[in-house]
Amino acid sequence: MHCPFCRHADSRVVDSRTSDDGASIRRRRQCPECNRRFSTVETASLSVVKRSGVTEPFSREKVVNGVRKACQGRPVSDDDLALLAQRVEETIRASGTAELDAYEIGLTILGPLRELDEVAYLRFASVYQAFNSLEDFEAAITVLRAERDVALDEARPSDDEARSEQG
Ligand SMILES: [Zn+2]
C-alpha cells in the first residue's frame, strides 16, 4: 500500500486490531521512507450485481440517491437518509451476503423507510414493486394499517383476553 504522505510504494503493518463487531480490521501502518504512520480499515467487500450482469461495489450514496426522490416534500432530513443507508448496509453485512442484486437492496430499504415515513415508503414501494393499479396501493395501505393496529394493540396489555378469544 502506498504511503499517503510521500507516495512511497510500500508500507509495513505495525499493529492490527479487529473491531468489536468483528466486521472490520484496523491496521496501523508505517512508511519505511518518511517514517510517518497512517491507518487503514479493511472490511469484506459488498458487491452489487446490476441487471446487465456487471458488478459494482455497494454504495450508501446510491441507496440515499435511490430513496431521496421518494422523500421529496416529506419531513426527512439528510441525516435521516444517511442513517437509513447505514442501517441498510448493516443489515446486508449481518446477513453474511457478499454479493446481491438491486432487487435485494430494495427489499432491505423497505423496512427502515417504512419506519421513517409511510408516504415515502408507499412512493418507493410503488416504483420498486411496480404497482400498476389503485388496488396495489390499497393493498399496501391495508398492510400498513394492519401493522399499525398491531402496534396499538401491543401498547394495550389489557386486550390480551379479547385477542385470545379471537384465536
Ligand atoms: Zn512515506
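C31 is buried in this predicted model, with a relative accessibility of 0%, where buried denotes under 20% relative accessible area, exposed over 50%, and partly exposed in between (1.4 Å probe, protein chains only). C6, by contrast, counts as partly exposed at 34% relative accessibility. The model is a prediction in which local features need pLDDT of at least 70 and side-chain atom pairs count only at pLDDT 80 or more, while totals for chains, interfaces and linings use all residues. Residues are numbered from 1 along each chain as its sequence is written, and side-chain values use heavy atoms, with hydrogens and water left out.

Both cysteines belong to the zinc site, whose protein donors are the SG atoms of C3, C6, C31 and C34, at 2.2 to 2.4 Å from the ion; donors are N, O and S atoms within 2.8 Å of the metal (3.2 Å for Na, K and Ca), and because water is not among the atoms, sites may look incomplete. The arrangement is tetrahedral because the 4 donor atoms subtend angles of 105 to 118° around the zinc ion, the criterion for four donors being that all angles lie between 85 and 135 degrees. The spacing of the donor residues in sequence is C-x2-C-x24-C-x2-C. C6 lies in the segment before β1 (12-18) and C31 in the loop between β2 (24-30) and β3 (37-43), so that the pair ties together parts 25 residues apart in sequence; strands are DSSP runs of E with at least two residues, and helices runs of H or I with at least four, numbered from the N terminus.

The segment before β1 also holds R7, which is exposed at 55% relative accessibility and has a positive phi near 65° although it is a residue other than glycine. In the loop between β2 and β3, N35, likewise not a glycine, has a positive phi of about 70°. R36 is found in the loop between β2 and β3 and is partly exposed, with a relative accessible area of 47%. Leaving aside neighbours within four places in sequence, R36 is in contact (heavy atoms within 4.5 Å) with F5, R29, Q30 and C31, and the C-alpha atoms of R36 and C3, 33 residues apart along the chain, are separated by 8.4 Å.

Elsewhere in the chain, E118, Y121, L122 and S126 of helix α4 meet F137, A140, I141, L144 and R148 of helix α5.

Key. Tetrahedral: all angles 85-135°; square planar, octahedral: opposite > 155°, others 65-115°.
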